Amino acid sequence: MALRWWWRCPPPPAPGAAVCHFTQRSSTFSFPKICNIFWRFHHTSMSHLCSCSKTASDEKYQDPFQLGRKDLKNLYEDIKKELLVSTVELKEMCDYYFDGKGKAFRPMIVVLMARACNIHHNNSREVQASQRSVAIIAEMIHTASLVHDDVIDDANSRRGKMTVNQIWGERKAVLAGDFILSAASLALARIGNTTIISVLTQVIEDLVRGEFLQLGSKENENERFAHYLEKTFKKTASLIANSCKAVSILGCPDPKVHEIAYQYGKNVGIAFQLIDDVLDFTSCADHLGKPAAADLKLGLATGPVLFACRQFPEMNAMIMRRFSKPGDVERARKYVLQSDGVQQTTYLAQRYCHEATREISKLRPSPEREALIQLTEMVLMRDK
């Protein structure tokens, strides 16, 4: 699979150019005055990342979606069974996004992690019913969060079609999201494991805290990036990290394996969102299934913007006023595309994927482990 052109031949940072410092165990972000960490990384760590992807080469390549398909069969039908409602309109709203046309990215990671951990523990190649339930619950929580996000953002399109709030109105959309979340909570309770309940309810708390973080902004650059990455973890990566941890707990008693699963999910989740933030600047609206530059229009300063701000300090004022003045969105987008913001954010996503690969490689070799490694490459190469 061909990498994007800017990954093949990145130029070294200009003298004095600011780039970021990546930490393996936290979302802390700082801007050293002069640091060529990404340039060194491209010639050292990235060569290792590429070698990791070669473990999933022609003879070992495992398509994650093909491998997870068996365990995800009838996924959306089973979700709809959880959404038993007598009101026709509420049923239509709840079923709207569970139409079977999504890639089921999160459930797929969860079932692959379940198999990888089961094999690591006792060479069991079956996914437990409770582990599959976690995959279902993860997709339900994710979808409920999308419904609520669309209301908060007043979005009019999602996955290439109109949003629930545009069709049925904001009030009913909020109630539909609440209902999906309540159904997920009931499914979680039926698992009957208090540890799993604690792990997955943390996701709901993180989603709320992440949304509050998104409503704020920071004056200080270092605080601003830490704020951005914390928000990214809570809104996107926490669900993947804690779902992976949950199935590892159900399949293996070793706390070290639980930490491996959590760290893999956290790093893949953050990388996924970083690439999503890149695509907001590099992909067209029709391809994305939602408006381009949507984050800027919402007043959000994502990775590409924060990196671009180092080269164009005049963006600071726009960030603090959340791009609210006429022309701010267009100017900010122009600055981002003129800067190395997209490139630097992509490098950062590569670092997180490299760390995810390093973590999952600690498990016993299996087709599912190789598929999870391959998945990190797919996250980096996705175009929508």
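Student: What should I know before I start?

Tutor: Residues are numbered from 1 along each chain as its sequence is written, and side-chain values use heavy atoms, with hydrogens and water left out. The model is predicted, so local features need pLDDT of at least 70 and side-chain atom pairs count only at pLDDT 80 or more, while totals for chains, interfaces and linings use all residues.

Student: Which residues of α4 are buried?

Tutor: First the terms: helices are DSSP runs (H or I, at least four residues; strands are E, at least two), numbered from the N terminus. Buried means under 20% relative accessible area, exposed over 50%, and partly exposed in between, with a 1.4 Å probe and protein chains only. In α4 the buried residues are P64, G68, D71 and L72. These residues lie on the same side of α4 because they cover an arc of only 85° around the axis, the arc being that of the directions from the helix axis to the C-beta atoms. R69 and K70 are exposed on the other side of α4.

Student: Why would residues spaced like that point the same way?

Tutor: An α-helix has 3.6 residues a turn, so residues three or four places apart point the same way.

Student: What do the buried residues of α4 pack against, and what is found at the helix ends?

Tutor: Contact means heavy atoms within 4.5 Å. The buried residues of α4 pack against α5, α7, α8 and α20 (367-381). At the N-terminal end, D63 caps α4, with a side-chain oxygen 2.9 Å from the backbone nitrogen of F65. After α4 comes N74, whose phi is positive, near 65°.

Student: How does α5 look?

Tutor: Its buried residues are L75, Y76, D78 and I79. They sit on the same side of α5, since their arc around the axis is only 155°. Their packing partners are α4, α7 (105-122) and α8 (129-153).

Student: How do I read a pocket or a cavity?

Tutor: Both are found on a 1 Å grid over the protein atoms alone: in a cavity a 1.4 Å probe fits but cannot get out, whereas a pocket is an open set with protein on both sides within 12 Å along at least five of seven lines; lining residues have an atom within 4 Å of a point. The second largest pocket has a volume of about 280 Å³. Its lining has 15 residues, with L72, Y76, G102, K103 and A104 nearest the centre. Both α4 (64-72) and α5 (75-82) supply at least two residues of that lining.

Student: Are Q273 and S283 buried or exposed?

Tutor: Q273 lies in helix α13 (residues 255-282) and counts as buried at 15% relative accessibility. Leaving aside neighbours within four places in sequence, Q273 is in contact with T232 and T236. S283, in the loop between α13 and α14 (285-288), is also buried, at 9%. A polar atom of the S283 side chain lies 3.5 Å from the backbone oxygen of D383.

Conventions: Points joined across faces, edges and corners; volume = space filled by probe spheres on them. Polar contact = N/O pair within 3.5 Å; in protein donor to acceptor, adjacent residues only side chain to side chain.
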